[in-house]
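Here is a short note for a colleague opening this structure for the first time. Please keep the model on screen and follow the points in order.

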Amino acid sequence: MPAEPVGTSASVSAGALALLLAGLAMLGPFSVDTYLPAFPAICLSLEASPMEVQQTLTAYMSAFAIMTLWHGALSDSFGRRNIILISLAVYAVASLGCASAHRIEYLWAFRGLQGLSAGAGVVIGRAIVRDLYAGAEAERMLSLVTMIFSISPAIAPIIGGWMVSMSVWRSIFLMLFGFALVMIWLCWRGLPESLPEERRQPFNAPALWSNYWQIFSSPMFQLKAAAIACNFSGLFLYVASAPVLVTQHLGLGPTQFGWLFVPAVSGIFLGALAANRMAGRAGTRVQIMTGFAFLLLSTLLNVGYHLLQPPALPWTVAPLFFYTIGMSMVAPGLTLLVLDLFPHIRGTVASCQSFTMTMLSALIGGLVAPWLSTEVVFLALGQLALACTGFVLWRVTSSIQRPD
């Protein structure tokens, strides 16, 4: 049974909590996907090269990854709610800075500040769910959050494309500023504190070092967290390559990024729905293996098509629909298995898992995507390699320790 929220005078329903956590998780996709259609406009406005503008994404993702190591640890010591509110305030300031940047170097800096603050909601949100729920209930809550959150990667690039076509690229970051203000108000009014003071960890160097060492030295953590990271990076490879894939390989305009993102997000929604329905009915191992079947089959079909045919709609984007179904089926169960490795420091575990996932995505987005995006078949092969790696890592963990 779910525990009651603690440390707050107002009760919150499971549905309201899912909406809040999904809204916090949306900061990430909105921060990445909304401004992708604006890359050409940013190049012209700031007199920057495409590679320099691409590095604004790397600056964001790298900072996001580094700070995710700290969001959970800070919330383990000072409370979940406090850290989320402070991070939202920093994100709002960073968004204003991005909107006012007049040189690419300033955009790098403020994108980095966005990255430092944007991850608090998604990292701490996982810890909040596990604080309040257990077992199948926790899986259902995580999948419900994913279902609500999944609309953001679909609408973000579409919104960005329309904003660029009707206004200037700076309006995108003003919109993100407004979204942050709304989330500050909603969290102030309705987000519960799920970690009472008596369960908080000391915030000092010896305690932090002990916790981080305990987590990162665990082979089971490394294997399970890396499996999640590889699955997500297979999707992020296409997200980071979207400006080239959509406009050059598919010949579409800045308002047509939905051709790539709608199938992907539809798959995320349906995969999360399937995970929600399977929670408590099928074992965690069955759910994860079913998800990997979707991942591997979709990537094999993707490679096979592009070895024989040139990029074309809808065949180039259709495999992403099935890939993201599998990704969303694997993620809830595997994430809970990671969090339950160290139940006394779940916030720090959530941080370390998010760091692993985000750092790999940053490397994929900044180094691998520009190279593989020259040919669509290279993107398909890269995604296949990441899916196969994730599956092998999971099989190693399941052979060592079979989940319930």
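1. Start with methionine 289. This residue is partly exposed, with a relative accessible area of 25%; buried means under 20% relative accessible area, exposed over 50%, and partly exposed in between (1.4 Å probe, protein chains only). Methionine 289 sits in helix α15, residues 284-308. Helices here are DSSP runs of H or I with at least four residues, numbered from the N terminus. Setting aside neighbours within four places in sequence, methionine 289 is in contact with Phe391, Trp394 and Arg395, where contact means heavy atoms within 4.5 Å. Methionine 289 and tyrosine 305 are 16 residues apart in sequence and 24 Å apart in space, C-alpha to C-alpha.

2. A word on the model. This is a predicted model, in which local features need pLDDT of at least 70 and side-chain atom pairs count only at pLDDT 80 or more, while totals for chains, interfaces and linings use all residues. Residues are numbered from 1 along each chain as its sequence is written, and side-chain values use heavy atoms, with hydrogens and water left out.

3. How confident is the predictor? The mean pLDDT of the chain is 84, and 94% of its residues reach 70 or more; pLDDT is the predictor's confidence in each residue, from 0 to 100. Treat residues 1-10 separately: pLDDT stays under 50 there, and the model has 16 contacts beyond four places in sequence for them.

4. Which residues touch the most other members of the largest nonpolar core? They are Leu107, Cys187 and Leu260, in a core of 124 residues. A nonpolar core is a set of buried Ala, Val, Leu, Ile, Met, Phe, Trp, Tyr and Cys residues joined through side-chain atoms within 4.5 Å. Helix α12 (residues 219-240) gives this core its largest share, 14 residues. Leucine 107 is in contact with Ile42, Leu46, Thr56, Cys98, Ala101, Trp169 and Phe173, leaving aside its neighbours within four places in sequence.

5. Helix α10 covers residues 170-190. Its 21 residues reach 31 Å from first C-alpha to last, close to the 30 Å expected at 1.5 Å a residue. The expected span is 1.5 Å times one less than the number of residues. The buried residues of α10 include Phe173, Leu176, Ala180, Met183 and Cys187. An α-helix has 3.6 residues a turn, so residues three or four places apart point the same way.

6. Next, the cysteines. The structure holds 0 disulfides, a disulfide being a pair of cysteine sulfur atoms within 2.5 Å. For cysteine 98, the nearest cysteine sulfur is that of cysteine 43, 15 Å away. For cysteine 352, the nearest is that of cysteine 230, 17 Å away. Cysteine 98 is buried, at 0% relative accessible area. Cysteine 352 is buried, also at 0%.

7. Look at threonine 348 in helix α17, residues 346-372. Threonine 348 is buried, with a relative accessible area of 2%. A polar contact of 2.7 Å joins its side chain to that of aspartate 76. (A polar contact is a pair of N or O atoms within 3.5 Å; within protein, one must be able to donate a hydrogen and the other to accept it, and residues adjacent in sequence count only if both atoms are side-chain atoms.)

8. Finally, two backbone details. A cis peptide bond joins leucine 313 and proline 314, with omega about 0°. Proline 314 is in the loop between α15 and α16 (318-339). Glutamate 47 has a positive phi of about 55° although it is not a glycine. At 75% relative accessibility, glutamate 47 is exposed.

Terms used
Helices (H or I, at least four residues) and strands (E, at least two) are DSSP runs, numbered from the N terminus.
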